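This report examines a protein assembly together with DNA. The structure is shown first, and the description of its contacts follows.

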Protein chains: 2
Amino acid sequence: MSADSGKQPPSGPRAALKRQAIVRAAREAFLREGFGVGMDAIAAGAGVSKVTVYNHFGSKEALFTAVITEALDEPLGSASATALEGLAEAEDLRTALVDAARTWVNAVRTNQDVIALRNLVAAELHRFPELGRAWQGHGPEGHHPAVAAALRGLADQGRLVIPDLETAIIQLYALLVFPHMVFGAYGTTVDDGLTERLITGGVDMFLSHYGPRER
Amino acid sequence: MSADSGKQPPSGPRAALKRQAIVRAAREAFLREGFGVGMDAIAAGAGVSKVTVYNHFGSKEALFTAVITEALDEPLGSASATALEGLAEAEDLRTALVDAARTWVNAVRTNQDVIALRNLVAAELHRFPELGRAWQGHGPEGHHPAVAAALRGLADQGRLVIPDLETAIIQLYALLVFPHMVFGAYGTTVDDGLTERLITGGVDMFLSHYGPRER
DNA sequence: CAACTGAACTGAACAGTTGAGTTCAGTTGA
DNA sequence: TCAACTGAACTCAACTGTTCAGTTCAGTTG
């Protein structure tokens, strides 16, 4: 019944280009109009025949899945991850944390696309239960491990006192990135001034609780 | 062309019951299957003829709007608002804050429906731009004023030192309710133990930053 | 209490549209 | 030469919204 009965997707360099164009156009289309956007519109946006789309992906759901999983392993974390790693060597912990937080939050803010995609997934959860599960642990908060490692390192150095690491990680996320995710959900964006106050204020608050009592 | 040309919706006690049943069923259906659910399914769920649905609401979009606006002024905040008001008279600020936070967070957690509805609105923003605007300022974080008043009161008493009220409010939200909203977005729920640790840990963190330096 | 009235409701069929996925004959390009 | 691609026409299912003949029911009148 489905198109994938014994058919393997096209291969070769030409096919790869087409595939890329399709995913790109599909992502834009989904972001612009939601999951309800027509396959014809996507094909047209990719400058490709609808048949080609189906030869590559077999179904709309598979295409959507491809878009999401592709967005899933976007670099998003690379800049902020390196910023977090440098934390151990920093002399002035507060300044270093504020800097790391800035690049981190900025990565989230400039990738509103990813947040919007998450909303799509959330809204279509009933259609894509696996995607919902796959999205957990990824997305903008996808590098828990990096944050965990950074915090653990600082704790081992004795520069932070963290009795409950899991809670602390969530709190750091909550103070720094969750506001942008929550407000971004309806298209509201947090303005630059407030963003900066949330960063410095969040770091200060985090340090005044977990930091050494040097204050 | 539309059905509302010169037609007013039915009135009277019987009609009111039907209308209520329709909105209720529509809400469940939308939550269960998303906006794509068929009107026949909604009518069946309400135990009502499809014609009755159209006599009452005229269109699917109008019905969806009715569901959302009805959810908009749900009491959600009443319990937590009163809990927040009692804060000024409390002797033990930490205990009182933790208690207030518990009822507040619980209100949010048990109203996951409302959060899920918000996701629907976000996903269908292009179809309902007005709804998106109406939803801002409401929803689970809809009682900013109550929180603002409570914090201001404590600051005036000298029991908290809050240089930037707006930031402080968002931080309180971030520490206590945002995690449940973010994780709840894909159906993941925060388990009871973590919830409790987030509450106490969040309050402690908040107080260690804004509270008097008695620590 | 019986007959009546009229608005609201039912059930089923129907019209019109949209969109997913397919078919196919023909074209492009390494 | 062969796999990939195109374009257009097509099927098929689902969905929104409508129509209509008949039914329910609260309230009114005699």
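The model is predicted. Across the interface of chain A and chain B, 10 residue pairs are in polar contact, both partners having pLDDT 80 or more. On the side of chain A that touches chain B, at least two residues each are supplied by helix 1, helix 7 (112-123), helix 8 (129-135), helix 10 (165-176), helix 11 (178-184) and helix 12 (192-210) of chain A. The largest share of this side comes from helix 12 of chain A, which contributes 11 residues. When the residues of the side of chain A that touches chain B are sorted by class, 19 are nonpolar, 12 are polar and eight are charged.

The extent of the interface can be described by residues and by area. In chain A, 39 residues are in contact with 39 residues of chain B. The two chains bury about 3,500 Å² between them, and 67% of this area lies on carbon and sulfur atoms. Within chain A, the residues that lose the most area to chain B are Tyr186(A), Met205(A) and His209(A), which together make up 19% of what that side buries.

Charged pairs also occur at the interface. Between chain A and chain B there are four salt bridges. One of the salt bridges joins Glu166(A) to Arg197(B), with 3.3 Å between the closest N and O atoms.

The second topic is DNA strand D. Of the atoms of DNA strand D that come within 4 Å of the protein, 69% belong to sugar and phosphate.

Both chains take part in forming the surface near DNA strand D: helix 1 (13-33) and helix 3 (50-57) of chain A, and helix 2 (39-46) and helix 3 (50-57) of chain B, each supply at least two of its residues. By class, this surface holds 10 nonpolar, eight polar and six charged residues.

| Residue | Distance from side-chain N or O atom to a phosphate oxygen of DNA strand D |
|---|---|
| Lys18(A) | 3.2 Å |
| Thr52(A) | 2.5 Å |
| Lys60(B) | 2.5 Å |

Notes: Residues numbered from 1 in each chain as written. Chains lettered and ligands numbered in written order. Predicted model: local features only at pLDDT ≥ 70, side-chain atom pairs only at ≥ 80, totals over all residues. Heavy atoms only, no water. Near = heavy atom within 4 Å. Polar contact = N/O pair within 3.5 Å; in protein donor to acceptor, adjacent residues only side chain to side chain. Helix = DSSP H or I, 4+ residues; strand = E, 2+ residues; numbered from the N terminus. Nonpolar A, V, L, I, M, F, W, Y, C, P; charged D, E, K, R; others polar. Contact = heavy atoms within 4.5 Å. Buried area = accessible area lost by both parts, 1.4 Å probe. Salt bridge = Lys/Arg side-chain N within 4 Å of Asp/Glu carboxyl O.
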